[in-house]
Amino acid sequence: MGSTRKEPVIALAGNPNTGKSTLFNALTGLRQHTGNWPGKTVLQTKGSYIYKGRKYTLVDLPGTYSLLANSLEEQVARDFICFGGPDATIVVVDATCLERNLNLALQITEITAKVVVCVNLIDEARRKKLKIDREKLSCLLGVPVVTTAARGGEGLPQLLNLVDQVVKGEIRPQPRLVQYDPEVETAVAKLVPQVKAVLGDLVNARWLSLRLLEGDLTLIEAVEKLTGKNKHVPCGWC
Amino acid sequence: MAGLKPLKAIPNGAFAYVTKVNTAGLTRRRLLDLGLVPGTRVEVVRRSPMGDPIAVKIRGAIIALRAEESGLVMVRE
């Protein structure tokens with residue numbers, strides 16, 4: 001899906017207040033045009049930047065703590081990462097509050113391996129005398145990690161370089177996946193082949209199986225929309 | 001060993017550790033996403049005048065919880 005496009009699409013995800021939009025503006029400069037109006041599917045802002053002569057589209061997703069769809073914002077972010085086929089996803093985390101932020105990073109690496117974790121607000125963290133062990137974090141998550149201070153532009157060249165390498169497949173992140181209880185893992189193992197039989201490589205089968213086990217109905221709707229089964233009937237809400 | 005009690009029974013300024021989240025489905029998911037997983041230290045910071053909601057400090061952030069939710073989270077002092 002994603003790889004056939006000429007312009008790679010990069011998703012920008014993260015908790016609220018991690019400086020995502022600052023990063024978005026720093027990367028896209030004056031070229032961004034916003035399309036942020038209320039509505040079911042368009043809660044994203046799009047922009048573009050050029051790196052090494054190649055144009056990248058950057059999609060700023062709504063800030064969320066989780067992808068497990070309790071709210072509309074979470075649903076938009078989840079559907080884009082899951083079904084929008086981004087060529088890479090930047091997960092912006094707050095360096096001063098890593099523990100809270102890594103929940104989302106783990107959830108995203110469960111969906112897609114093409115992730116770069118951007119530990120932003122590193123200047124704030126320094127002020128609070130916090131040290132971030134970038135290499136250790138990268139090793140624990142299994143994805144590249146870069147520290148940035150988007151406000152001052154620090155770390156942005158490294159970020160763009162990592163994203164570029166992930167898009168081209170020069171870096172293939174191997175996220176460390178959460179292993180669940182044996183009961184859950186057994187159930188997942190049973191479901192995965194069936195999910196694959198229906199959807200092929202369209203969606204990450206392990207992740208979808210986990211959500212099915214949770215009984216996430218909004219996801220079933222999203223999959224139905226994706227496969228064109230059960231075409232959405234306009235209801236006045238969308 | 002102190003017994004289990006709901007988070008809403010913890011007085012202001014005191015802290016406790018989460019042992020269990022007594023609910024299922026989306027509410028459970030939500031509480032877990034907020035960082036209320038077993039073993040987490042939670043501190044009750046303050047209460048609104050009528051006692052609901054309460055402000056609790058979880059993993060570096062202060063979050064307001066309604067009695068509906070804070071009654072579902074079981075803690076150990």
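Start in chain A, at strand S4, residues 88-94. Seven of its seven residues are buried, so the strand is largely enclosed by the rest of the structure. Keep in mind that this is a predicted model.

Look at where the side chains of S4(A) go. In a regular strand the side chains alternate between the two faces of the sheet. The strand here splits into two sets. Ala88(A), Ile90(A), Val92(A) and Asp94(A) point one way. Thr89(A), Val91(A) and Val93(A) point the other way. Both sets are buried.

Now look at the neighbours. Strands of a sheet pair through backbone hydrogen bonds, either parallel or antiparallel. Strand S1 of chain A, residues 9-14, is joined to S4(A) by five bridges, and the two run parallel. To find this pairing, locate Ala11(A), which stands opposite Thr89(A) in S4(A). Strand S5 of chain A, residues 115-120, is another partner. Six bridges join S4(A) to S5(A), again in parallel. Here Val93(A) stands opposite Val119(A). How does the chain get from S4(A) to S5(A)? The path runs through helix H3 of chain A, residues 98-111, and this β-α-β crossover is right-handed.

Next, turn to helix H1 of chain A, residues 20-28. Which of its residues are buried? They are Lys20(A), Leu23(A), Phe24(A), Leu27(A) and Thr28(A). These residues cover an arc of only 115° around the axis, which puts them on the same side of H1(A). The spacing fits a simple rule. An α-helix has 3.6 residues a turn, so residues three or four places apart point the same way.

Step back to see chain A as a whole. It contains nine helices and six strands. Of its 238 residues, 40% count as buried. Among contacts in chain A with a separation of 6 or more, 66% are between residues 24 or more positions apart.

Where the two chains meet, eight residues come from chain A and eight residues from chain B. The side of chain A that touches chain B has three nonpolar, three polar and two charged residues.

Read along the sequence, they follow the pattern β-β-α-β-β-β-α-β. The C-alpha trace spans about 30 × 30 × 20 Å along its principal axes. With 77 residues, a compact globule would have a radius of gyration near 11 Å, and chain B agrees, at 11 Å. Of these 77 residues, 26% count as buried. Residues 24 or more positions apart make up 56% of the chain B contacts with a separation of 6 or more.

How are the strands of chain B arranged? Six strands form an open sheet in the order S1-S6-S2-S3-S4-S5, with antiparallel pairing. Strand S1 (5-6) and strand S5 (61-65) of chain B stand at the edges, each with a single partner strand, so one side of each has no neighbour in the sheet.

Trace some of the pairings. Strand S2 of chain B, residues 15-21, has S6 and S3 on its two sides in the sheet order. Four bridges pair S2(B) with strand S6, residues 73-76, in the antiparallel sense. In this pair, Val21(B) has Val73(B) as its bridge partner. S2(B) also pairs with strand S3, residues 41-47, over three antiparallel bridges. There, Phe15(B) is partnered by Glu43(B). Further along, strand S4 of chain B, residues 54-58, is joined to S5(B) by five bridges, and the two run antiparallel. Ala55(B) has Ala64(B) in S5(B) as its bridge partner.

Finish at Gly3(B), in the segment before S1 of chain B. Is Gly3(B) buried or exposed? It is exposed, with 7 other C-beta atoms within 10 Å. Ala14(B) lies 11 residues from Gly3(B) in sequence, and the two are 15 Å apart in space, C-alpha to C-alpha.

Definitions and conventions. Residues are numbered from 1 along each chain as its sequence is written. Chains are lettered from A and ligands numbered from 1 in the order in which they are written. This is a predicted model: local features need pLDDT of at least 70, side-chain atom pairs count only at pLDDT 80 or more; totals for chains, interfaces and linings use all residues. A residue is buried if 20 or more other C-beta atoms lie within 10 Å of its own, exposed if 12 or fewer, and partly exposed in between; C-beta atoms are placed from the backbone. Two strands pair if DSSP finds at least two bridges between them. A crossover is right-handed if, with the strands pointing away from the viewer, the path from the first strand over the helix to the second runs clockwise. The arc is that of the directions from the helix axis to the C-beta atoms. The radius of gyration is taken over C-alpha atoms; the globule rule is 2.2 Å times the number of residues to the power 0.38. Two residues are in contact if their C-beta atoms, placed from the backbone, lie within 7 Å. Ala, Val, Leu, Ile, Met, Phe, Trp, Tyr, Cys and Pro count as nonpolar, Asp, Glu, Lys and Arg as charged, and the others, Gly among them, as polar.
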